[in-house]
Amino acid sequence: MYKGEFLADEVVFLTQNGIYLVMCDTFVAVGSASETGATIFGKNSDRPEDEVQLVIFLPEQKRTIPSSLQCTYITIPQVPLTHGILLSQPYWMWGGEMGVNDKGVAIGNEAVWTTEPIAQKGLLGMDLVRLGLERGNSAKMALDVITSLIEKFGQGGNCACDGSMHYHNSFLIADSREAWVLETAGKWWVAEQITDGVRNISNNLSISNNGTLCHKDLIEFAIKSNLCRDESSFNFAKIFTTGYWTPNIPPTGREGRIKFMLEKMIGDITPIYARGILDDHTGGVCMHGGFISAGSQISTLSQKPDLTHHWFTITAPPCKSVYLPFTFDNACRGLTNPGPHKDINESWIWVIHQKFFKTLTGSEAENQRSKIKGLDVEYSRKSLDYKGNINQIVRDHNELFQKYQKQIRSNNTFNL
Ligand SMILES: [Zn+2]
């Protein structure tokens, strides 16, 4: 009996400690799946409820002198050129949960639990997201950057600021032409190319063969380890998951719910519709509780500047937040200084927003939430009309940021 031949009726997400722990959703609509033909990328970053997530901007940087780069836990060689990036970053780490670069590449990661041992030190999945963005001028190049760094330096380290949280990673990497789902188990990896349609990932290994590309020794390792008979019977997800694997994703969970929402709108998916996916409570996509959707991103990626847009929430969760439009311009006032930060700054809008909503009762909270979302849709529609005009987008970003923070900081209820 090969592990790869095991089938079960349900998907189980199980940590090494036997605790159910699920977080993060990332999706993409490529090419003809969207209304305009632009690729639409979206992610909710689900993290511990008190872990602040910041949106930061780092401009393109050129270096003439070789230098080293301190990531969250390990140091690696720096490269001569790093692209400009917008990154949604848990405040205490070097890397980020998701982001986009000025070459039109977007990346988000997911925690996955695999049968391979987790190294105590290495590159965090979030470090790899940032490294892929800083070094990749296309989705394929970012994929190559991440897989080569995993093979050379390894992934690992504690993913929690407080306590212990260890996992391997999957990634969704997209540009205007294609997307890649990259799934890993320790140093092993497999990648699936997506050139059309929709795809989403949610803390679950999902590639059921050896993908479009894989680690060069992967099949040989699996056969020698008695994990499969031959290449044709190789199933990355079945072999490496710590839970069970099934091709029939339950429609009631986050992964199945997003798949359903994407597939029913193929050809008509818009950034506004993408907000509805990330705000979804029917399948629990917008997460509340001990883990919350602490940051959210929607990007439209196109070779046409007028179809290229990036929005990030700077507060949490997305159902109670506006998505600010961002450009690669540090005139955007919603940006924060890049981490890692040692301590939480009580004046960060993310912190104040959390406190603001905790003061509201049920009906008040719902009233405020509804006003915030009305504002969000109004500004989102406006920014789509600007056809990529950076000055207009920055102006609206700052106007929306000012309106938003004025109410929160004064602890008044929104009257927008
Ligand atoms: Zn919500």
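Glu60 counts as partly exposed, because 14 C-beta neighbours lie inside 10 Å, and a residue is called exposed at 12 or fewer and buried at 20 or more. Glu60 sits in the loop between β3 (53-58) and β4 (61-62). The model is predicted. The protein chain holds nine helices and 18 strands, and its radius of gyration of 20 Å is close to the 22 Å that the globule rule gives for 416 residues, so the chain is as compact as a globular protein of that length.

**Around Glu60**

- Leaving out residues up to four places away in sequence, Glu60 touches Thr82, His83, Gly84 and Asp102.
- Asn209 is 149 residues from Glu60 along the chain, and the C-alpha atoms of the two are separated by 37 Å.

**The chain as a whole**

- The C-alpha trace spans about 65 × 55 × 45 Å along its principal axes.
- Of the 416 residues, 50% count as buried.
- Among contacts between residues at least 6 apart in sequence, 70% join residues at least 24 apart.

**The nonpolar core**

- The largest nonpolar core has 109 residues, and Val28, Ile146 and Ile173 have the most contacts inside it.
- Helix α2 (residues 139-153) gives the largest share of this core, namely eight residues.
- Ile146 is in contact with Leu128, Leu131, Gly132, Phe171 and Leu182, leaving aside its neighbours within four places in sequence.

- In strand β11 (residues 168-174), seven of the seven residues are buried.
- In a regular strand the side chains alternate between the two faces of the sheet.
- Both faces of β11 are covered: one side has His168, Ser170, Leu172 and Ala174, the other has Asn169, Phe171 and Ile173, and all of these are buried.
- Strand β10 (residues 106-112) runs antiparallel to β11 and is joined to it by seven bridges; Ala111 has Asn169 in β11 as its bridge partner.
- Strand β12 (residues 179-185) also pairs with β11 in the antiparallel sense, over five bridges, and Leu172 has Val181 in β12 as its bridge partner.
- β11 and β12 form a hairpin, with four residues between them.

**A six-stranded sheet**

- Strands of a sheet pair through backbone hydrogen bonds, either parallel or antiparallel.
- Six strands form an open sheet in the order β14-β1-β2-β16-β17-β18, with antiparallel pairing.
- β14 (197-201) and β18 (323-326) are the edge strands, each pairing on one side only.
- Neighbouring strands of this sheet are turned by 15° against each other on average, direction ignored.
- Helix α5 (residues 254-263) packs on the sheet and touches β1 (25-30) and β14; the direction of α5 makes about 165° with that of β14.
- Strand β17 (residues 309-313) is joined to β18 by four bridges, and the two run antiparallel; Thr313 stands opposite Tyr323 in β18.
- Helix α8 (residues 362-385) lies across β17 and β18, running at about 20° to β18.

**Helix α7**

- Trp350, His353, Gln354 and Phe356 are buried in helix α7 (residues 349-358).
- Seen down the axis of α7, the buried residues fall within an arc of 160°, so they line one face of the helix.
- Lys355 and Lys358, on the other side of α7, are exposed.

**Backbone exceptions**

- Most residues other than glycine have a negative phi, and most peptide bonds are trans.
- The peptide bond from Ala316 to Pro317 is cis, with omega near -10°; Pro317 is in the loop between β17 and β18.
- A cis peptide bond also runs from Gly339 to Pro340, with omega near 5°; Pro340 is in the loop between β18 and α7.
- Asn226 is not a glycine, although its phi is positive, at about 65°. Asn226 lies in the loop between α3 (218-224) and α4 (236-240), and counts as exposed because 11 C-beta neighbours are inside 10 Å.
- Lys387, a residue other than glycine, has a positive phi near 55°. Lys387 is in the loop between α8 and α9 (390-409), and with 14 C-beta neighbours inside 10 Å it counts as partly exposed.

Methods:
Residues numbered from 1 in each chain as written. Predicted model: local features only at pLDDT ≥ 70, side-chain atom pairs only at ≥ 80, totals over all residues. Rg over C-alpha atoms; globule rule 2.2 N^0.38 Å. Contact = placed C-beta atoms within 7 Å. Core = buried A, V, L, I, M, F, W, Y, C linked by C-beta atoms within 7 Å. Pairing = 2+ DSSP bridges. Axes fitted to C-alpha atoms, helices over the stretch in contact; angles between N-to-C directions. Arc of directions from axis to C-beta.
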